[in-house]
Amino acid sequence: QVQLVESGGGLVQAGGSLRLSCAASGTIFSTRPMDWYRQAPGKQRELVATITSGGSENYADSVKGRFTISRDNAKNTVYLRMNSLKPEDTAVYYCHTKVLLEYWGQGTQVTVSS
């Protein structure tokens with residue numbers, strides 16, 4: 001059973017930074033693509049960033065140049081570094097992976113005040 005546990009959310013002022021972490025267990029982490037999604041109140045969950053097993057990255061247009069996804073296969077952890085945060089980045093952020101079956105973390109709240 002794959003388990004994903006996020007951490008690192010919190011309250012930050014606009015322009016600030018946060019780093020989210022997602023620790024994976026129960027899987028061969030290095031072979032998995034990993035994603036970060038977010039869901040704001042009243043909105044659909046949206047894909048924020050993806051990193052493949054080979055380390056290729058992709059980002060939503062809304063976060064390009066501000067967010068960086070990375071992974072440490074030795075620690076079975078994927079990160080999301082978020083800089084220049086805006087109030088519209090406020091959401092619950094979820095870690096996700098899918099290889100045949102998909103798995104979600106429990107989410108971590110990020111609140112950006114103006």
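**View 1. Charged side chains of the predicted chain.** The chain carries 12 positive and 9 negative side chains, and the centres of these two sets lie 2 Å apart. Lys and Arg are counted as positive and Asp and Glu as negative, with His and the chain ends not counted, and each charge is placed at NZ of Lys, CZ of Arg, CG of Asp or CD of Glu. The model is predicted, with local features requiring pLDDT of at least 70 and side-chain atom pairs counting only at pLDDT 80 or more, whereas totals for chains, interfaces and linings use all residues. Residues are numbered from 1 along each chain as its sequence is written, and side-chain values use heavy atoms, with hydrogens and water left out.

**View 2. Overall dimensions and surface.** The radius of gyration of the chain, taken over C-alpha atoms, is 13 Å, which agrees with the value near 13 Å that a compact globule of 114 residues would have; the globule rule is 2.2 Å times the number of residues to the power 0.38. Along the principal axes, the C-alpha atoms fill a box of roughly 40 × 25 × 20 Å. The accessible surface (Shrake-Rupley method, 1.4 Å probe) comes to about 6000 Å², and 48% of this area belongs to carbon and sulfur atoms.

**View 3. Strand pairing around β3.** The chain has zero helices and 11 strands, where helices are DSSP runs of H or I with at least four residues and strands are runs of E with at least two, numbered from the N terminus. Strand β3 (residues 18-25) pairs with strand β1 (residues 3-7) in the antiparallel sense over five bridges, and L4 has A24 in β3 as its bridge partner. β3 also pairs with strand β8 (residues 77-82), again in the antiparallel sense, over six bridges, and here the bridge partner of S21 is Y79. Strands are said to pair if DSSP finds at least two bridges between them.

**View 4. L101 in strand β10.** L101 lies in strand β10 (residues 101-104) and counts as exposed because its relative accessibility is 55%, the classes being buried under 20%, exposed over 50% and partly exposed in between (1.4 Å probe, protein chains only). Between L101 and V2, which are 99 residues apart in sequence, the C-alpha to C-alpha distance is 9.7 Å.

**View 5. Surroundings of T90.** T90 is found in the loop between β8 and β9 (91-99). Leaving aside residues up to four places away in sequence, T90 touches A40, Q109, V110, T111 and V112, with contact meaning heavy atoms within 4.5 Å. The C-alpha atoms of T90 and A40 are separated by 6.4 Å, although these residues are 50 apart along the chain.
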